[in-house]
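Me: I'm new to this one. Can you walk me through how to read it?

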Amino acid sequence: MSPSSGQQKHMKEGLWFSSLWLAWFLALAGAIFLALSLDRASTNRKLIETTRFTDAVSFFEKINDILVLNSIPSANLSPIKWETYRDGLFVQGKTVLRVMKGNDTFLTKEERTRLQEMCTLFKKLKKGLLAGRPLRELVGIDHRMMLLSIELAGWSASKRESFFYRIRLLDYARAILLLSALAGGGVFLFGRTRLHRKTSRQNRFYQALLRIDQLILTLPTMEELLPQTCRIIVEESGVMLVRFIELDAASGEGSILAYFGKTTEGFARRKHSPDPSAPGGSELWADLVRLKEPLVWNSLQNQLRDGSLRNVLLENGIFSGAGIPVFREGTMFGTLILYSDEENFFDPDLMNLIGMMVKNISFAIENRDREDDRKKREEEVTRLALFDNLTGLPNRRLFHDRMQQAVERHLRTKERFGVGILDLDGFKQVNDRLGHPAGDALLIQVSERIKGILRGTDTLARLGGDEFGIIFTHLEAEKGSALFDRVIRSLAVPFTLGEEDVTIGGSLGITIIPPDDGRDESLLKHADLAMYQVKEQGKNGWEIFQPAMTEALENSYRLKKELEESLGENRFALHYQPQVELASGRLVGVEALLRWNHPERGLLDSESFIGILAGCDLAIDIERWALEEILSQIEDWSEQGIRPRVKMNIGSRHLLSGRFTDDLRNALSRHPEVPPQALELDITETKSFPEISKVKEIFDACRRLGVSISVANIGTEHGSIAYIQTLGVDRVTIDRRFVRDLPKSPQDMAIVASLVTSAKLLLVDVVGEGIETEEEGDLLLRWGCRIGQGFGIAHPMVPEEIPGWAERYRPFESWSHWAEVPWDPQNYPLLLAKEAARVFYENFLDGIAKPGVSRVEWTDSHRCLQGRWIDGDGQLRYGATLEFRQYRDAHEHLHSLIREAILSRDAGDFPRLDTLKEAIREVNAELIRRIDQIRSLGAAGPGS
């Protein structure tokens, strides 16, 4: 990318967004203008109708002449003329009424009824006159018609006036809209013009930079370089004058070495002194010599204190300038000064380009007469062509060349060698979370670390992104394996990026020659297949290519297709493995485990296909299906009288898909009879979490729905113990690898004790997984783990077997001795409960003041830290004491007051809220006092 292309791209993006905004604005304005115009046309049509209607009503009043003429004795009238005039009035009246009815769309329903009545009266009047009825019988009809015509005339006149007013308003609105559109277009065009000028100016300077770089590549002498540089800058960039002033290090004076541009000869060759009072003295030159850094004077007329120098510059048409020191071997050699006839010409982006010009000029000056500079330049060109610019490692092109050399050497000497492809595991997450600079720094550290492990004859190359190629020479079977192990283990050591340590892994695929007899691309393809085999097996390891791997990848693809078809054919099932209180044998929960009824291989457990499933979106569809099945099963068990908590395993792909919370909410809504707390979501793939804060947001959303969260693999390389606190989980699982080795591994005993203690201090339940023997369960109880699961308790079973098994199951007799488990250190949970009461009250006061804020731990007495302690260790250790029961009752009262306070706040009853706040404060203070009373009782329970 060019030196200024980043800024240009940013400006183009800004222009694009501005254009998009303008287009949207004009489109909206056009739509509004069209709507206003259509409204005005409609209103104008109605105005014309009202005008016609009003004129017709006025004309209709002449019908009264019929009655007037009819009152004159017929002997005094010419019969022919009277009848003709009367008949003409009838025709006119009928026509007028037709006009009125044809222009009545603006009338209301009631007004149209009046018009219809007038038409009916007119017909009666006409009929009566023609029949020769007496005048006195027709006066009422005529009177009523005249009243109706007056009423209709008033309505039409009123509406005509409103239509006139609406048309004026619409005309005003259209005029304002047109003016706004013109103003918006003007602002956009003004901004576009300014941006175009800035971009054009940068492009001209960039063109000058390109020409100067081309000039430098010819390695000219300084006498050729400087004048041509000044000329190029003036010709390309639009400045009026460029001068190169050489500095005399002893005196600080400056003399012209080269210049080009429009100016007087005297000013062009003017010498400079750092002493403003000396002949040729210049404060500008003095500042450059003193500061030795780029300076910009964008308004020489206002910035210069020296009046005589200001006059000289103005006489030469100079209004702004910029000076950039030129260094030679670390010492200021001179200054390149650019002058412009515009004020504010030199903006920061422009100065960056000019700074690059000067750096290139400095480079050329330093190396102009050195013959070895030409060799360095050739080496640099070679390096750019054959080496990675970031790490300095060979690039893909050079790697191919060295791989070909290794193949040719093998054909001559039969030397055994290997080609490896190494892909970093977890690099993308680091790069996304910490940014690309941190990612680049990590790649550099990785390359340095691996180079330190490889031998001098081996080759490490960066093929692109976070993928590396390795050529292992002189391979022997045993030494090769040890070397591959060292490469992978080296990546497990944390890397330091700034103030943070990050851990990644690596998947290494290797093909060995012989037996592989491939060439170039086929060798890379085979190594790549081996690398993907490592990925399929869980990453962070190495594998040597075998011909069967090609078939294995094909099998993997076929297996994915079979899994998709099986979901549609309902071939998946769930088995459930019980979780019990180890001492009592009481069923407290079950874990849902996926099974696949394969059409040919029979019932398969998840171990045989979960690796394939985890790598595709089908896993999300299957987990949605499993969620529905589990909730339905909970309903069935509830009808049978058992209510175990059901643990469902959730993969990170679904959890981080952005749809998981909605899927969970929708599923719960379809099963309103299922209490959300009966469902527990177990997260096992914590190593793949890209950003813990994002995961915590998802967990918090799930907990607000009422479900529990558990995390497995804590204490292993896949899960940090800090997740217990950071993610706010309800339950943690002790991995089966620790349980399996408990009888023979003091280290695993220490890890289990640490996990149990940490979980209990945070008031989180612990479940021991994979218990297969009586001794393993006994040791878990010894270290304080009360709940267990494993083949030593029960194998996974179909859901119909769970109720009967729960009735029949009895724990080992030795486990029942641990009915009351000691806690060491015994006072920590109690002290934590006391602190939790204090913090709980402070957080409540802060939150209750915010409208609409409510938290699960406020309204549910079992979800706050005190409630967890009461339900767990508190009940176990102090449940038989009066003090504990009083404390528990006060705690329930506290939460009932809080629920009432939330209702009062939401209803706007603030006096009642203030009263409740005081009551809550008193109850909370009582809780703290009662905790001190409980503490004075001392620890309860058996010893060991």
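**Pocket and rings**

Reply: Let's start with space: the second largest pocket holds about 1100 Å³. Its centre has Arg645, Arg731, Asp765, Asp871 and Gly872 as the closest of 35 lining residues. On a 1 Å grid over the protein atoms alone, a pocket is an open set of points where a 1.4 Å probe fits, with protein on both sides within 12 Å along at least five of seven lines; lining residues have an atom within 4 Å of a point. Volume is the space filled by probe spheres set on the points, which are joined across faces, edges and corners.
This is a predicted model: local features need pLDDT of at least 70, side-chain atom pairs 80 or more, while totals for chains, interfaces and linings use all residues. Residues are numbered from 1 along each chain, and side-chain values use heavy atoms, without hydrogens and water.

Me: Which helix gives the most to the lining of the second largest pocket?

Reply: Helices (H or I, at least four residues) and strands (E, at least two) are DSSP runs numbered from the N terminus. Helix 31 leads here, with seven residues.

Me: How many aromatic pairs are there?

Reply: Rings of Phe, Tyr and Trp (its six-membered ring) pair if their centres lie within 6.5 Å; planes under 30 degrees apart are stacked, over 60 edge-to-face, the rest tilted. The count is 14. Phenylalanine 244 and phenylalanine 333 are tilted, because their planes meet at 40°, with centres 5.8 Å apart. They join strand 1 and strand 5, 89 residues apart.

Me: Is phenylalanine 244 buried or exposed?

Reply: Buried means under 20% relative accessible area, exposed over 50%, partly exposed in between (1.4 Å probe, protein chains only). Phenylalanine 244 has 0%, so it's buried.
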